[in-house]
Amino acid sequence: MKDPEIDLLIEQLETRGDLSIAELDGVIGALDFLLDDKTPRNVATPLRVGTTDGAMLIADAAYPNWSVHIRGRANDKDGHWHCVLREDDARDSDAAIGSGRSPVLAQAILAAVLRLSMTLSKKAPSA
C-alpha cells in the first residue's frame, strides 16, 4: 500500500460521515498493513471498526499506554470531533503524534491511528 492510498482513506474518514462497509474494510486493510497485524481480530470487522468502542480498541492494541485526547462539539449536523494520540502526555517531546478530525468520532480516532502509523511505519514511503 502506498502513501496516496492511505492518504485517500484518511481523507474519506475525515470528510464523510457515511462510509460504506467496503470503505471501512479498506481502512482495516490499511491498519493491517501498517501495524503488522496488531489489530485485534475480534474488532477488525467493518461493522465493529466503525463504532467508537471498536476504534478505541484498535488504538489501544496498536499504541498501548499512549494518551488519547478527544474533543468535540455535539450539534444537530455532526460532532466536529478531534482526536490526538500522544506517547507522552506530560511533555511536548513526542517523536510522533497522530491526529484526526471527523464528523464521526470513531472515524476521527481511526484517522489519528492511521496518520500515526504512517509516520512510524518503515513500510510506508515518506512523502
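A residue is called buried if its relative accessible area is under 20%, exposed if over 50%, and partly exposed in between, with a 1.4 Å probe and protein chains only. This is a predicted model, in which local features need pLDDT of at least 70 and side-chain atom pairs count only at pLDDT 80 or more, while totals for chains, interfaces and linings use all residues. Residues are numbered from 1 along each chain as its sequence is written, and side-chain values use heavy atoms, with hydrogens and water left out.

**Stop 1: the whole chain**

Select everything and colour by secondary structure. The chain contains 5 helices and 3 strands, where helices (H or I, at least four residues) and strands (E, at least two) are DSSP runs numbered from the N terminus. Along the sequence their pattern is α-α-α-α-β-β-β-α. Of the 127 residues, 43% count as buried. The chain exposes about 7,100 Å², of which carbon and sulfur atoms supply 50%; such areas come from the Shrake-Rupley method with a 1.4 Å probe, and for residues only the protein chains shown count as cover.

**Stop 2**

Next, select residues 67–71, 81–86 and 97–102, which are strands E1, E2 and E3. They form an open sheet in the order E1-E2-E3, with antiparallel pairing; two strands pair if DSSP finds at least two bridges between them. E1 and E3 stand at the edges, each with a single partner strand, so one side of each has no neighbour in the sheet. On average, neighbouring strands of this sheet are turned by 10 degrees against each other, direction ignored. The axes behind this angle are lines fitted to C-alpha atoms, for helices over the stretch in contact, and angles run from 0 to 180 degrees between N-to-C directions.

Now show the side chains of E3. Its covered face has Gly98, Gly100 and Ser102, whereas Ile97, Ser99 and Arg101 are on the uncovered one.

**Stop 3: Glu14**

Finally, select helix H1 (residues 3–15) and find Glu14 within it. Is Glu14 buried or exposed? Glu14 is buried, because its relative accessible area is 12%. A polar atom of its side chain lies 3.1 Å from the backbone nitrogen of Arg101. Beyond neighbours within four places in sequence, Glu14 is in contact (heavy atoms within 4.5 Å) with residues including Ser99, Gly100, Ser102 and Arg115.

Note on methods: A polar contact is a pair of N or O atoms within 3.5 Å; within protein, one must be able to donate a hydrogen and the other to accept it, and residues adjacent in sequence count only if both atoms are side-chain atoms.
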